[in-house]
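Work through these exercises with the model open beside you. Try each task before you read its solution.

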Amino acid sequence: MKKNIWVLISLSVLMNNSIEAKTITTSLATQKTAEYYQQLIKQQPQNLAELALFTNLMPKGADLHHHYSGSIYAETYLDWVDAQGFCIYIVSAESKKLYSIEKNSKDIKGLDKVNCVSAASVRSHNEWYTGILKTWSDKDYSNHYHIQPPPDQQFFNTFGYFGAVSSYQFNQGLQHLKQRAKEENVSYIETMLTSSPTLELSDVAALLAKINSQSTDDEQAILIQQALVRLAANSALNDKIKDYLKIVDDAAEGLNDEQFTIRFQTYVARDKTPAVILSGLYSAFVAVSKNQHLVAVNIVGPESGYVAMRDYALHMQMFKVLKKQFPDVKLALHAGELVLGMVPPEGLKFHIHDAIKVAGAQRIGHGIDIAHEHEPIQLLDLMNKNDIAVEINLTSNAFILGIKPNEHPIQLYQKFKVPYVISTDDSGVSRNNLSYEYLLYASNYQPSYQSLKDTVYRSIQYSFLNEVEKQREIQKLNQRFLTFEQKIASIP
């Protein structure tokens, strides 16, 4: 008996020594990684290739601001054109732009047929191939000076080109994005998959037409609520929602595993009529409340557009009424994707404010105009106090809005301790990935290694996963950082 006790004691001592040795080794690896990273960001000129190696290998956690259709590269869309037997115009035709897709290629005749070619033909002709890549994405925009639209127009125009094939086999596209994410050490994506179903009803339009600039918030809420009653009773819209839920379930099939998790946001486009937008928002809230794969509602499209600016306050009131009806539905709203000169100064005063205080957003996408908002210090303090995170998209902010590194409000958010995450936005259009966004973050703003890690962990903390799922993702992240730091510590 005494011998067995000594064996247990000896094993206990060995285990404790082993744990202590592992702790020391882990601590040393973390320290060496921090020192290595510090040398990289402080070196002048910065060794961006070596820093890119670091951010490529580093676990990134989650990508929380992610548009599905804008994340597929143009090369993949060409494959999908081929798979469906569509053709692409290599000469502009009546009502057809250069490099637009023709879905009904069997029906076209004459010169249009000659000038609408297969994806295989495009790939064999370098001018067509590079022309498509430059038209369907931002490729080579900044280093090729030719007749071209403004950057924001170039960015948003791309969706009109590949939109004809972007809904082709969602699951296949998502499997493609999953593989890319795993290869760059991203474990969770929250993607805006596809817009919710809409329906323009005359009685809903008539009710919303009664709202004008003199209407009080209460008067607007009453009319919106009356319109929602009509939408809820409409069998055609309810059937569309059922079909939409089936699309979401089919898209998600087989995607989630031990290494990777994905959830979807649904959304409406802000350039539609009030009746269409309200029907889409109603569908979106209902869909999220009924489907485990859907975690939030969003609103997309250029905020500077005429309808988007005119109806912004009305849209936020719609969110407010629906949020009251569906309190558990989360909101991650594009807001403040504006700069001075894009709209009149008064247009910069209320977008983030209304998204948070009226609509009830839990996360803000972009948040660029924060310094111009009405009472910005109080708004920043509110975001800090209420734990409202900002999704920072450095590449698209630079391209669309012309934001230089020292103009980006990320440092303002840091000063006021507003939580933020790093995300990609539309990696296929911008031709980037999350590793590159972290490269920009590290090289431009030089956070400490601990701050860099904290940013990664926030991407899980501020996701819309439930608490059990978040803890699971954090445990995976802990292990991945242990492996990463051991690897970096071994670099001579």
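**Exercise 1. Is Asp140 buried, partly exposed or exposed, and where does Asp140 sit?**

Step 1. Asp140 has a relative accessible area of 24%, so Asp140 is partly exposed. The cut-offs: buried means under 20% relative accessible area, exposed means over 50%, and partly exposed lies in between, with a 1.4 Å probe and protein chains only.

Step 2. Asp140 belongs to the loop between helix H7 (126–135) and H8. Helices (H or I, at least four residues) and strands (E, at least two) are DSSP runs, numbered from the N terminus.

Step 3. Check the backbone: phi of Asp140 is near 65°, a positive value in a residue other than glycine.

A note on the source: this is a predicted model, in which local features need pLDDT of at least 70, side-chain atom pairs count only at pLDDT 80 or more, and totals for chains, interfaces and linings use all residues. Residues are numbered from 1 along each chain as its sequence is written, and side-chain values use heavy atoms, with hydrogens and water left out.

**Exercise 2. Find where Lys417 lies and classify its exposure.**

Step 1. Look in the loop between helix H19 (410–415) and E11.

Step 2. The relative accessible area of Lys417 is 64%, so Lys417 is exposed.

Step 3. Phi of Lys417 is near 55°, positive in a residue other than glycine.

**Exercise 3. Describe the peptide bond from Gln44 to Pro45.**

Step 1. Read omega: the value is near -5°, and the bond is cis.

**Exercise 4. Trace the open sheet of 8 strands.**

Step 1. Write the order: E1-E5-E6-E7-E8-E9-E10-E11, with parallel pairing. Two strands pair if DSSP finds at least two bridges between them.

Step 2. Find the edges. Strand E1 (61–67) and strand E11 (420–422) each pair on one side only.

Step 3. Axes here are lines fitted to C-alpha atoms, for helices over the stretch in contact, and angles run from 0 to 180 degrees between N-to-C directions.

Step 4. Turn to E7. E6 and E7 run parallel and are joined by 6 bridges. Gln265 has Ala296 in E7 as its bridge partner. On to E8: 2 bridges join strand E7 (residues 294–300) to strand E8 (residues 330–335), and Val297 stands opposite Leu331 in E8.

Step 5. Judge the burial of E7. Of its 7 residues, 7 are buried, so E7 is largely enclosed by the rest of the structure.

**Exercise 5. Which strands does helix H9 lie across?**

Step 1. Helix H9 (residues 170–183) lies across E1, strand E5 (186–195) and strand E6 (261–269).

Step 2. Its direction is about 150° to E5.

**Exercise 6. Which strands stand at the edges of the sheet of 3 strands?**

Step 1. The order is E3-E2-E4, an open sheet with antiparallel pairing.

Step 2. Strand E3 (101–102) and strand E4 (116–117) stand at the edges with a single partner strand each, so one side of each is left without a neighbour in the sheet.

Step 3. Strand E2 (residues 87–89) pairs with E4 over 2 bridges. Ile88 stands opposite Val117 in E4.

**Exercise 7. Explain why Gly428 counts as buried, and list its contacts.**

Step 1. Gly428 lies in helix H20 (residues 427–430).

Step 2. Its relative accessibility is 3%, so Gly428 counts as buried.

Step 3. Contact means heavy atoms within 4.5 Å. Leaving aside neighbours within four places in sequence, Gly428 is in contact with Gly70, Ser71, Ile72, Tyr73 and Ser137.

Step 4. Now compare positions. Gly428 and Thr76 are 352 residues apart along the chain, yet their C-alpha atoms are separated by 9.6 Å.

Step 5. Look at helix H4 (residues 74–84): Thr76 is among its buried residues, as are Tyr77 and Trp80. Gly85 follows H4, with a positive phi near 70°.
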